[in-house]
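Student: I have a new model open in my viewer and would like to talk it through with you. Could we go over the helices, strands, cores and charged pairs, one question at a time?

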Amino acid sequence: MLEAVIFDMDGVLIDSEREYKRVELGLAKERGIPFSAHEQSGYVGIHQIVMWTEVLAKNGLEHMSASEITQTEEDRMFDYYARGELDTIAGSVDLVGQLCGSGVKCGVATSSIEINARAVIKRLGIEEMLSAVACSCMVENCKPAPDIYCKCAADLNVNAGSCVAIEDSKNGCVSAKSAGLKVVGFRNPGSGNQDLGAADLVVDDMEQVTIELLKSMFV
């Protein structure tokens with residue numbers, strides 16, 4: 001039985017992955033860090049500190065501070081989240097409202113930090129519709145580990161097996177599936193060529209995702 005739906009934020013509620021790509025490739029160029037668009041796409045859904053730590057180590061640049069680069073990225077993304085032109089993904093915000101109205105709990109599980117997530121949620125006008133918001137800074141291990149989905153399901157006070165996650169990245173799908181959730185993979189062109197093989201079903205358009213479709217995943 002469907003009790004809750006947990007949405008990823010970046011790439012599912014808003015089409016922000018292009019902005020992440022612009023910011024991250026820009027930071028790499030500013031600091032002389034070898035980092036291609038192809039490499040960047042492999043880190044979609046992963047917290048920035050993990051990405052920058054790995055990228056610096058790979059290139060023998062451990063003398064640079066992954067924490068400082070991450071903070072700069074988070075500051076630039078906050079400016080976008082709080083004041084930029086958000087590109088809402090058609091169907092996603094409406095689906096939150098429909099689920100809430102039908103008695104299905106909704107949550108968000110995002111690799112973004114809490115201040116950025118809260119800024120987006122407020123601007124989308126869905127604060128009162130969400131029963132839980134889990135961010136990577138709240139758990140020990142970020143996606144693709146299951147921690148964030150385990151936390152979000154616990155905060156929703158539901159069994160993970162009665163939840164559906166909606167994700168646009170390989171790392172997010174693996175995270176949710178490992179936590180015991182059903183998974184809808186959203187093939188978002190802005191997220192790059194993601195391997196959504198861990199998902200139970202894949203859609204090309206969020207407007208394809210209806211309450212009836214989500215309930216049918218438990219039949």
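Tutor: Gladly! One term to begin with: a residue is exposed when its relative accessible area is over 50% and buried when that area is under 20%, with partly exposed in between. Please keep in mind that this is a predicted model.

Student: Let's start with α1, then. Which residues are exposed on the other side of the helix from its buried residues?

Tutor: The buried residues of α1 are Glu 17, Glu 19, Tyr 20, Val 23, Glu 24, Leu 27 and Ala 28. They share one side of the helix, because they cover an arc of only 160° around the axis. On the opposite side, the exposed residues are Arg 22, Lys 29 and Glu 30.

Student: How far does α1 reach from its first C-alpha to its last?

Tutor: The helix spans residues 17–31, which makes 15 residues. At 1.5 Å a residue the expected reach is 21 Å, and the model comes close to that. From first C-alpha to last, α1 reaches 21 Å.

Student: And which residue takes a positive phi just after α1?

Tutor: Helix α1 ends at residue 31. Just after it, a phi of about 70° is taken by Gly 32.

Student: On to the strands. How many bridges join β4 to β5?

Tutor: Strand β4 covers residues 163–167 and runs parallel to β5. Within this pairing, Ile 166 stands opposite Val 184, while Val 164 has Lys 182 as its bridge partner. The number of bridges joining β4 to β5 is 4.

Student: Which residue of β4 stands opposite Val 5?

Tutor: Strand β1 (residues 4–7) also runs parallel to β4, and 4 bridges join the two. In that pairing, the residue opposite Val 5 is Val 164.

Student: Which residues of β4 point the other way from Cys 163, Ala 165 and Glu 167?

Tutor: In a regular strand, side chains alternate between the two faces of the sheet. Strand β4 is mostly covered, with 5 of its 5 residues buried, and β5 is largely enclosed by the rest of the structure because 4 of its 5 residues are buried. While Cys 163, Ala 165 and Glu 167 point one way from β4, the residues pointing the other way are Val 164 and Ile 166.

Student: How many residues are in the largest nonpolar core?

Tutor: Nonpolar side chains tend to be buried together in soluble globular proteins. Here, Phe 7, Trp 52, Tyr 81, Leu 95, Leu 99, Ile 166 and Leu 214 touch the most other members of the largest core. Leaving out residues up to four places away in sequence, Leu 99 touches Val 5, Phe 7, Val 104, Cys 106, Ile 211 and Leu 214. The size of the largest core is 54 residues.

Student: How many residues does the other core hold, the one with Ala 4?

Tutor: That core lies apart from the largest one. Besides Ala 4, its members include Cys 152, Val 158 and Ala 199. Its size is 22 residues.

Student: Last one: how many salt bridges does the structure hold?

Tutor: One network of salt bridges links Glu 30, Arg 31, Glu 68 and Arg 76. Elsewhere, Arg 187 and Asp 204 meet at 3.9 Å from N to O. The structure's total is 13.

Key: Residues numbered from 1 in each chain as written. Predicted model: local features only at pLDDT ≥ 70, side-chain atom pairs only at ≥ 80, totals over all residues. Heavy atoms only, no water. Salt bridge = Lys/Arg side-chain N within 4 Å of Asp/Glu carboxyl O. Core = buried A, V, L, I, M, F, W, Y, C linked by side-chain atoms within 4.5 Å. Buried < 20%, exposed > 50% of the residue type's maximum accessible area, 1.4 Å probe, protein only. Contact = heavy atoms within 4.5 Å. Expected span 1.5 Å × (residues − 1). Arc of directions from axis to C-beta. Pairing = 2+ DSSP bridges.
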